[in-house]
Amino acid sequence: MKAFSQAQFLVSSAGPADLPPAGPPELAFVGRSNVGKSSAINALTGRKRLAFTSKTPGRTQMINFFELGAGARLVDLPGYGYAKVPQAVRAGWRTLVGSYVDSRATLAGVVLVMDARHPLTELDLQLVEFLGEVRLLALLSKADKLSRAAQAKTLSAVRASTKAEVRLFSSLTGQGVEECRDLLERWLESPRPGRSLE
């Protein structure tokens, strides 16, 4: 199933009441603001502007749903952890994303995008704990900014600190794109129950 090449925008949700009904298996992408999440989504789908990048971190506060053909969805969760975002907005993020994760029995996995130069911040670790037993891919973006030795060291450290699958990734050079795409398509073909069923 080459789902990612069929990606098309479906709908945006601004609050828990706006979430579309659960349907086919979903892969959710999440990460701190400005870590390269939108660029990673665009690289995986082979599109330049499927997910919009912003020069203003913390700007996107909606959940964006994309169809991956008829049998899967990609879900772009809003970025978190930007200091200049008002407290009320941060609280809204927790409510919106928490409602999504808790209600999605069709959640096949979550992709946590982290800057390879600064992985597993306190906020990232809080998110990993919040997700519980949901299947998780730690995608280490901007890996091209690191030397080969630093890449290997970071990969080893993150693998030792989390139960997640961990992959180095660069939307600029294409490093890890095909490998991550293949892994995520396997997850869609054999989805596991979301957190709400465990």
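Are Phe 65 and Tyr 100 buried or exposed? I opened the notebook with this point and found that Phe 65 is buried, as is Tyr 100. The model I consulted is a predicted one.

**Entry 1: aromatic pairs**

I looked up the aromatic pairs and found 2 of them in the structure. For Phe 9 and Phe 66 I noted ring centres 5.7 Å apart and planes at 75°, so this pair is edge-to-face. Phe 66 counts as buried, because its relative accessibility is 3% and the cut-off for buried is under 20%.

I turned next to Phe 65 and Tyr 100, whose ring centres are 6.1 Å apart with planes at 70°, so that pair is edge-to-face. Phe 65 lies in strand β3 and Tyr 100 in helix α2, so the pair ties together parts that are 35 residues apart in sequence.

**Entry 2: the sheet**

I traced the strand order and recorded an open sheet of 7 strands, β1-β3-β4-β2-β5-β6-β7, with mixed pairing. At its edges I found β1 and β7, each of which pairs on one side only. From one strand to the next, I noted a twist that averages 20°.

I then checked individual pairings. β1 and β3 are antiparallel partners, joined over 6 bridges, and in this pairing I found Ala 7 opposite Leu 68 of β3. Strand β6 (residues 136-141) pairs with strand β7 (residues 165-168) in the parallel sense, over 4 bridges. There I located Ala 138 opposite Val 166 in β7. I also recorded that β6, helix α4 (residues 148-161) and β7 make up a β-α-β unit, which is right-handed.

**Entry 3: strand β2**

Which strands does β2 pair with? I found 4 bridges that join β2 to strand β4 (residues 73-76), the two running parallel. On that side, Leu 27 stands opposite Leu 74 in β4. With strand β5 (residues 107-115), I counted a parallel pairing over 6 bridges, where Val 30 stands opposite Leu 112.

I then looked at how covered β2 (residues 26-31) is, and found 6 of its 6 residues buried. Both faces are covered: one side carries Glu 26, Ala 28 and Val 30, the other Leu 27, Phe 29 and Gly 31, and all are buried.

**Entry 4: Thr 106**

I located Thr 106 in the loop between α2 (87-103) and β5. Its relative accessible area is 19%, so Thr 106 is buried, the cut-off being under 20%. Leaving aside residues up to four places away in sequence, I listed its contacts as Ala 22, Gly 23, Pro 24, Pro 25 and Glu 26. Glu 26 is also one of the buried residues of β2.

**Entry 5: helix α3**

Which residues of helix α3 (residues 122-131) are buried? I recorded Asp 124, Leu 127 and Leu 131. Viewed down the axis of α3, these buried residues fall within an arc of 60°, so they line one face of the helix. On the face turned away from that buried side, I found the exposed residues Glu 122 and Glu 129.

I next looked up where the helix sits: α3 lies across β2, β5 and β6, and runs at about 170° to β5. After α3 comes Gly 132, for which I noted a positive phi, near 65°.

**Entry 6: Ser 171**

I placed Ser 171 in the loop between β7 and α5 (177-189). With a relative accessible area of 40%, Ser 171 is partly exposed. How far apart are Ser 171 and Ala 40 in sequence and in space? I noted 131 residues along the sequence and 5.7 Å in space, from C-alpha to C-alpha. Apart from residues up to four places away in sequence, I found Ser 171 touching Ser 39 and Ala 43.

Technical notes: Residues numbered from 1 in each chain as written. Predicted model: local features only at pLDDT ≥ 70, side-chain atom pairs only at ≥ 80, totals over all residues. Heavy atoms only, no water. Buried < 20%, exposed > 50% of the residue type's maximum accessible area, 1.4 Å probe, protein only. Pairing = 2+ DSSP bridges. Contact = heavy atoms within 4.5 Å. Right-handed = clockwise from strand over helix to strand, strands pointing away. Arc of directions from axis to C-beta. Phe/Tyr/Trp six-rings, centres within 6.5 Å; stacked < 30°, edge-to-face > 60°. Axes fitted to C-alpha atoms, helices over the stretch in contact; angles between N-to-C directions.
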